[in-house]
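Dear colleague,

My findings on strand pairing and salt bridges follow it.

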Amino acid sequence: MPALIVVLTLLAGALAACGSSDSGLVRLAAPPMGWNSWNAFGCGINQDEVHAAADALVSTGMRDAGYRYVVVDDCWFDPARAADGSLRSNPTTFPDGMAALGRYLHDRGLKFGIYESPSSRTCAQVNGTYTGSTGSAGHVAQDARTFAKWGVDFLKYDWCGPPASTDQMRRVFSAMRTALRDTGRPIVLSINPNSVEANPAMPETIGGAGDWSGAADLVRTGQDVYPLWDNAIADWVYTNGSYTIAGIRDTIERSASIAAHDDYYNDPDMLVIGTSLSTLGFPASASVPSYLPDAQARVQLVMWAMLGAPLMAGNDLTRMSDQTRMLLTSPGVIAVDQDRSAPGGRTGRVGDIEVWSRQLADGDRAVALFNPETRSGTLELDAQAIGIAADCRATDVLTGRSQSRDAPIILAPTSVELYRVRCG
Ligand code: GLA
């Protein structure tokens, strides 16, 4: 192939990887990483807290580790639209307005994300925790233009309405995708097709069930993840009339059977590492630990990386422990998450232990040994158990230590070990 054609072909590939495309999708080169206000601040979010989170992303090294999107979730808006129908920020909590907030973030090398819903009310308005009806219904093109004018780079667009078919939801989400495209500003579209009434007994009402190709850049595949291990307690909340929530283990289990797609990333929901159940309005009567124990926090980050999922931290970054910061910024785990390869998946089980594998772009393989149970398990990294041949070397991604193939690995209850395996 002549050199010029090679150069043009490479250029076209690079543009397709990160530019805006005809479909209106942004075509990200890797799953987005960032911080979202919801898990730590809920509806109480304000401008000072977003500024503080942005500053902390910079000072803790998280921005440089890849966490660049700052997403202001529900409740940022004035509960009433302006006379011309446009959205505006809540004058008390965001007094300087959203364009100024966008500038604050961009000046620090960050990207600006915002939240809306396609129906007449956002999720907090549906749940009664915030007043007004300022969803995008009837204002889709106008809202898209407003977001573009404010310098928004990412829109979380949350169904949060009555159960609907995939086709109905696709039409509604696609209208926003088209409106965003028409603004001419590349804006990542992150949709959540899970209605408040998404029912675990009706899998078709849960986002991961559909094929959303062409509709969005990111697609939520299930209910809100809470800092809980499994959904026994989540089910309790569901049957007691609240909206459905999920834990870490059940989200991983569900994700194991959801297909990966070429033009969007499956989004199993945000990280709950370092977040507390109390800020999520969890019933005080439930006796559960307030934060995820360290081992379970590692499970979430590692398994989200194996799935090639967006990594959206949700903790209060101004009060982050060193341990949480070191976990969230682990270069080896982030490299697996952001790898150009297809997401990994579960390749087998040895006793209680699940073996997950992801073929990485440079020929290495990421292998996660996951113990979902509440008792210890033991495993070796040998050919018989998980197919690692004699000429392979395994490095523990979190500690950097090499792991011999035939030394037993003890997997504590509800824990994971991640190895990068190089052969030959
Ligand atoms: C839904 C979403 C959450 C959050 C809230 C805001 O529950 O799934 O991630 O955006 O709405 O109200």
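Ala394 stands opposite Val421, a residue of strand 18. Helices (H or I, at least four residues) and strands (E, at least two) are DSSP runs, numbered from the N terminus. Strand 15 (residues 392-396) pairs with strand 18 in the antiparallel sense over five bridges; two strands are said to pair if DSSP finds at least two bridges between them. Strand 18 also pairs with strand 13, again in the antiparallel sense, over seven bridges. Within strand 18, Leu418 is the bridge partner of Ala368.

Please note that this is a predicted model, in which local features need pLDDT of at least 70 and side-chain atom pairs count only at pLDDT 80 or more, while totals for chains, interfaces and linings use all residues. Residues are numbered from 1 along each chain as its sequence is written, and side-chain values use heavy atoms, with hydrogens and water left out.

I turn now to the salt bridges. Side chains of opposite charge can pair when their charged atoms come close. A salt bridge is taken here as a side-chain nitrogen of Lys or Arg within 4 Å of a carboxyl oxygen of Asp or Glu, and by this rule the count comes to 21.

One of them joins Asp269 to Arg220, with the closest N and O atoms 3.1 Å apart. Asp269 lies in the loop between strand 9 (265-267) and helix 11 (294-306), and Arg220 in strand 6 (residues 218-220), so the pair ties together parts that are 49 residues apart in sequence. Both Asp269 and Arg220 are buried; buried means under 20% relative accessible area, exposed over 50%, and partly exposed in between (1.4 Å probe, protein chains only).

Another salt bridge is formed by Glu373 and Arg249 (3.1 Å, N to O). Glu373 is located in the loop between strand 13 (365-371) and strand 14 (377-379), and Arg249 in helix 10 (residues 248-255), so this pair ties together parts that are 124 residues apart in sequence. Arg249 is partly exposed, at 27% relative accessibility.

Asp362 is partly exposed, with a relative accessible area of 47%, and Arg420 is partly exposed at 21%.

Yours sincerely
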